[in-house]
Every structure is written in C-alpha cells, then in structure tokens.
Amino acid sequence: MNKQPSRLPGNSVGIGLRSVHIERILKQQPEVPWFEVLMDNHTAQGGLIPRQLEAVREHYPLNLHCVGMSLGGVNPLDMRYLETVKRMIHDYSPVQISDHLCFTHHGSHHFNDLLPFPFTSESLNHVSGRIDKVQDYLGRRILVENVSTYLQFQSSEMNEAEFMKALVDRTGCGILLDINNAYVNQFNHGYSAKAFIDAIPIDHVGEVHLAGFEDKTGYLIDAHNNRVSDAVWELYEYYLRFGHNAPVLIEWDSDIPGLDILLDEAARAQQIILRNSESMTRYA
Amino acid sequence: MMSTVLAQHLSEFTRALTTNPRDGDCEFVPRLKNSSRISPQLALEIYRNNTRGTRIKALEMIYPACKRILGNDIFQAVARGYVIEDSVGAADLNHYGETFSQYLGDLLDTGRLADDYAYFQDLASLEFKFHAAYYADSDPVFDFECFEQKVKNGEPVYFQLSASLGMLASRYPLYHIWLHNHPGLETAKNKNNSKHDVQAITATQYLLIHREEYIPVVLPVSNHVYRLLEAFDNNQSLQAVLDRVDCDIDVVLPGLIANKYIIGIRHNE
C-alpha cells in the first residue's frame with residue numbers, strides 16, 4: 001500500500017528519518033504519521049538506500065528536506081542538484097519539499113553548512129527569482145526554513161520575518177518554521193522569538209521543526225543533537241495558541257539516539273497539542 | 001541576475017571562512033553587527049568549526065578502520081589537517097574525502113606520519129572504494145545476446161564493469177588489516193573470506209571491492225583476474241586482452257560475469 005496523501009494532517013507529529021532507525025521502523029512500524037527524509041543523505045540510486053526508502057514509503061508519507069539549493073547564493077542554481085530533487089519527487093512522492101533561507105556554496109567552495117546573507121531589497125529580488133525558478137522547475141511549491149545564525153549583517157534593511165513575508169508574497173512559497181532556530185537566534189542576537197513568530201505570515205507555515213541545541217555557555221549552537229529544550233517547547237505552545245496547526249517534526253541530526261527517544265519527544269509534542277486543543281477548536 | 005552587493009558580501013564571507021583567520025576577517029568583520037553574546041570573530045570561528053566538524057564526521061564515517069588504528073585523537077588531528085587544507089569541500093558529503101589517501105601519503109612522505117603506518121595510504125584508498133561501492137548505482141543485467149552478436153560479427157567487445165567495482169593492488173597485507181579493523185564485519189560475508197594471515201603475505205595483494213546487492217564486500221583475487229579487469233577498465237577490448245593474458249579466458253570470463261564484476265558491453269567505443 002502506498003500512503004502518499006496530498007497533505008499531512010494538521011497537528012500530526014512526524015520524525016526525521018535516520019538510517020540507524022530504518023530497520024526497526026520497517027520491522028515494528030511504529031505509529032508515526034509521517035517521516036521526513038534529509039534528501040542529501042539519500043541521493044544514492046543503487047544499493048540499500050533507495051530500497052529502504054521505498055520500503056518506508058510503502059507504510060508512511062514522506063517529506064523531503066533539502067540543504068543544497070543554496071537559495072541565498074549567487075552561484076547559478078545547481079541544476080544537477082535540482083534534477084536529483086525532481087527524481088526523488090518522482091520516486092518517493094513526498095508530501096512537502098523544503099530547504100533553507102541561506103547559502104551553502106560560493107564560487108568553488110562548498111560549506112556543508114547553512115550560511116546567512118544580508119536581508120536587503122537586492123537579496124529579496126535575487127532570492128525570490130531563485131525560488132520562482134526552483135518551484136517552476138520542480139512543479140511544486142517549496143517551504144523555506146528560517147535558519148540559526150551566529151552573525152548579523154550591517155547592511156540588512158529588514159529583519160528575517162519581514163524578508164520571509166516578502167518572499168511568500170512574491171513567490172507563493174510556504175514557510176517551514178523552525179522554532180529551535182528562532183530560539184537560538186533570540187538567545188544569540190537578543191531579539192524576540194515570539195515577535196518573529198508573530199511577524200511571519202503564519203497562515204503560510206506548512207511545517208514546524210522542533211530540535212535541540214547545544215549550550216556553549218554564553219551562546220547556543222543549533223546542533224540538533226539534543227532533546228527539545230523547555231524554552232522551545234514553550235515557544236511551540238505559543239505558536240499553537242491561536243489554533244495554528246501545521247504538521248510538526250522532531251528533528252535530530254547528530255549523536256542520534258535510539259528511536260524510543262524520538263518517539264518520546266513526539267509524544268511530548270502530541271501532549272502539548274492536546275493541551276492546546278481547546279483554543280485550536282475555538283480558532284479553527 | 002547580477003547581484004553585486006550580495007555577491008560581494010558572500011565573497012568576503014567565503015574568504016573569511018577559507019583563509020587564515022587574520023587575513024580573511026579584516027575585510028568582512030566591519031560588515032557585521034556587534035552582538036553582546038557573539039563577536040564577529042567568534043561567529044566566524046563557529047562557522048569554520050561547523051564546516052570542519054561536518055567534514056571530519058564524514059571522514060570518520062568513510063574511514064573507520066583508519067580511525068580505529070590511529071585512535072580518535074590522532075585521527076581527529078589528521079582529519080582536521082586534511083579539511084583545513086581542502087577548503088573547497090564537496091557539494092555531496094557522500095563523495096567527500098576521496099583524496100584523503102593522498103593526503104596520508106603526503107604525511108608519510110614528509111615524515112609527519114610514522115613509517116609504522118606506511119600501509120595507510122592503501123588502507124584509506126580501500127576504505128573509500130568500499131564507501132563508494134555502497135553509494136554506487138545499481139547495475140543492469142548482462143546482455144548475453146548483445147555479447148554473442150558482437151563476437152559473431154567479429155566486432156571488438158568492450159566490457160562495462162560494475163558501477164560499484166573498485167580495484168586495489170597493495171604490497172601490504174591490506175585485506176587482513178581491513179578485516180580486523182572494519183566495524184561490523186562479524187556479521188558480514190567478508191569474515192568467511194578471511195584466509196590470510198598478516199605475517200604470511202609477502203607478495204602484492206590484489207583486492208576487489210564490489211557490491212552485488214546492498215552491502216559491499218572486499219575480496220582478494222588472483223593477479224590474473226585483477227589484470228584482466230584492469231585491462232577492461234582501461235578500455236581494452238576483449239580481443240586485445242586475449243593476446244596477452246596468461247589465464248584460460250573461457251574459464252575466467254564466465255566467472256567475472258556471473259559474479260557481476262562485468263555487467264555489460266560498451267557500445268560507443
């Protein structure tokens with residue numbers, strides 16, 4: 001049976017698919033409404049990876065999360081990369097496709113990291129054009145994720161929320177709201193994560209990410225190697241308060257624990273959703 | 001679209017991350033706001049560490065036997081040296097680190113890695129081929145009709161080798177070393193192929209790395225088989241090779257096809 005719905009259920013709590021868990025997932029088929037595939041780890045066309053993905057897809061809806069579109073970059077769009085995204089859309093019918101508001105390579109240098117760029121009107125024109133091209137090529141709307149940053153540009157003419165709102169208005173893209181990233185930025189840069197959530201076009205949030213950070217004593221690193229912090233859970237409740245119900249993902253990318261820990265985090269998210277269900281019903 | 005100011009910022013950012021911190025920071029730092037928690041210099045160091053850390057983790061995944069033999073601390077130091085020297089990186093981390101074996105060779109040549117590790121360049125090469133085999137494309141089924149037709153027509157036959165096939169000749173007992181240091185081999189097919197003792201090997205060792213279905217294997221092979229596959233890999237035709245091999249091709253060739261080292265005929269030679 002192939003379960004690929006056209007959209008994910010509101011308030012459903014998915015988990016990031018990690019290779020160390022796949023065998024158990026296929027064997028036990030835990031009650032997880034959907035999984036998110038980190039595309040760049042699953043591009044192989046032969047061997048175990050595509051077979052496992054195909055098997056998971058038989059039982060669960062998948063989202064495709066990318067890190068290599070370099071939407072904020074000035075190199076020409078990497079058409080080979082986009083071809084791979086398109087192939088994976090064809091092969092695995094993901095419900096949603098997302099990437100980040102950042103650049104990942106410049107000139108001949110590849111950083112394998114999500115690097116910020118200044119939020120200027122020039123950047124806005126440039127990134128809007130790239131998102132348009134990506135969406136046209138893929139034939140799909142994409143979600144664009146806010147990233148954690150450790151620096152801010154003097155030349156920025158608008159804040160991140162204003163920039164994202166303008167992107168949504170111009171391109172019709174959706175937003176992937178990473179609440180952990182918003183919190184890391186609040187801590188590191190001193191601006192309000194709640195104000196960020198309030199300022200983005202919340203109705204266009206197609207997915208929420210929750211993850212853990214690493215406390216470096218004095219600043220935070222978006223390490224995705226930990227449980228979701230209490231502060232981030234509180235912000236998630238803040239997001240839920242007006243009945244916003246985008247599907248939410250438990251994301252854990254390094255020092256990956258057993259699947260039970262991720263299921264436990266997902267259960268906590270579900271409890272918070274239930275606790276807020278009254279206000280959701282009221283505002284739905 | 002030409003994004004001049006944006007392009008300038010990204011170029012300066014890139015230089016700051018890929019050059020000596022003092023050289024690279026100077027033009028970029030004034031572009032940044034001061035923050036109470038993270039200075040511009042610290043921010044750049046965080047990004048440098050993120051990039052390097054991600055690449056070092058990739059190397060740890062690709063070279064587990066090297067890491068096990070060197071120990072974590074020395075491996076981290078060697079890997080860090082490599083990623084600093086290789087500032088370009090790779091778009092796809094699954095394909096990162098192919099030149100790590102050459103880097104190890106340079107360390108050996110310049111005395112920065114002890115002679116005890118003289119086999120390390122070969123071991124790293126073996127580990128990368130094993131890693132590449134895991135990610136290789138699937139192979140088509142051998143087209144016997146096409147093969148027979150070409151032979152019947154007297155046309156030169158150029159064989160296509162498996163996308164996952166890697167070959168390595170080493171004067172070190174590499175197979176034994178690898179078997180004892182690659183994680184998870186107690187459950188792999190490779191263990192049953194362990195017939196060699198590290199002390200017993202004096203001649204060049206010929207190894208194939210191949211993935212028939214899901215998990216790659218490393219297999220010692222004879223000099224004849226190795227040279228034959230090497231010739232095919234170097235675009236030599238079957239007819240050209242026949243004149244020079246000193247093995248019974250009628251016996252060897254079906255085995256190479258049955259084992260899926262040879263997976264087809266090239267048409268565009």
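**Entry 1. Conventions.** I note that this is a predicted model, in which local features need pLDDT of at least 70 and side-chain atom pairs count only at pLDDT 80 or more, while totals for chains, interfaces and linings use all residues. Residues are numbered from 1 along each chain as its sequence is written, and chains are lettered from A and ligands numbered from 1 in the order in which they are written.

**Entry 2. Chain B overall.** I looked up the contacts in chain B between residues at least 6 apart in sequence: 67% of them join residues at least 24 apart. The secondary structure of chain B amounts to twelve helices and five strands; helices (H or I, at least four residues) and strands (E, at least two) are DSSP runs, numbered from the N terminus. Of the 269 residues in chain B, 33% are buried. For burial I count the other C-beta atoms within 10 Å of a residue's own, with C-beta atoms placed from the backbone: 20 or more make it buried, 12 or fewer exposed, and a value in between partly exposed.

**Entry 3. Strands of chain B.** I then examined S1(B), residues 158–161, where B:Phe159 and B:Leu161 form the covered face and B:Tyr158 and B:Gln160 the uncovered one. In a regular strand the side chains alternate between the two faces of the sheet. S1(B) runs antiparallel to S5(B), residues 262–266, and four bridges join them; pairing requires that DSSP find at least two bridges between two strands. B:Phe159 has B:Ile265 as its bridge partner in S5(B). In S4(B), residues 217–221, I looked up B:Val217. B:Val217 is partly exposed, because 18 other C-beta atoms lie within 10 Å. Its C-alpha atom is separated by 9.9 Å from that of B:Leu165, 52 residues apart along the chain.

**Entry 4. The contact between the chains.** I find 42 residues from chain B and 43 residues from chain A in the contact. On the side of chain B that touches chain A, the elements giving two or more residues are H1(B) (4–18), H3(B) (40–62) and H7(B) (120–135). H1(B) gives the most, with ten residues. By class, this side of chain B has 22 nonpolar, 13 polar and seven charged residues. Here Ala, Val, Leu, Ile, Met, Phe, Trp, Tyr, Cys and Pro count as nonpolar, Asp, Glu, Lys and Arg as charged, and the others, Gly among them, as polar.

**Entry 5. Nonpolar cores.** I use "nonpolar core" for a set of buried Ala, Val, Leu, Ile, Met, Phe, Trp, Tyr and Cys residues joined through C-beta atoms within 7 Å. The largest has 90 residues, and those touching the most other members are A:Val144, A:Met164, A:Ile175, A:Ile179, A:Val208, A:Leu210 and A:Ile250. Leaving out residues up to four places away in sequence, A:Met164 touches A:Leu101, A:Val144, A:Asn146, A:Ile175 and A:Ile200. A second, separate core of 48 residues includes B:Tyr103, B:Leu113, B:Leu123 and B:Leu126.

**Entry 6. Helix H5(A).** I checked the twelve residues of H5(A), 160–171: the first and last C-alpha atoms are 16 Å apart, close to the 16 Å expected. The expected span is 1.5 Å times one less than the number of residues. Buried in H5(A) are A:Glu160, A:Ala161, A:Phe163, A:Met164, A:Leu167, A:Val168 and A:Thr171. Seen down the helix axis, these buried residues fall within an arc of 160 degrees, so they line one face of H5(A); the arc is that of the directions from the helix axis to the C-beta atoms. Their cover includes H4(A) (121–138), S7(A) (143–145), S8(A) (174–178) and H7(A) (193–199). Just after H5(A), A:Gly172 has a positive phi of about 75 degrees.

**Entry 7. Helix H9(A).** The buried residues of H9(A) are A:Leu262, A:Glu265, A:Ala266 and A:Ala269. They line one face of the helix, because they fall within an arc of 100 degrees seen down the axis of H9(A). I find them packed against S1(A) (13–17), S9(A) (205–210) and S12(A) (248–250).

**Entry 8. Positive phi.** I recorded a phi near 65 degrees for A:Asn11, which lies in the segment before S1(A). A:Asp255, in the loop between S12(A) and H9(A), has a positive phi of about 50 degrees although it is not a glycine. A:Asn11 is buried, with 22 other C-beta atoms within 10 Å, whereas A:Asp255 is exposed, with 11.

Note on methods:
Two residues are in contact if their C-beta atoms, placed from the backbone, lie within 7 Å.
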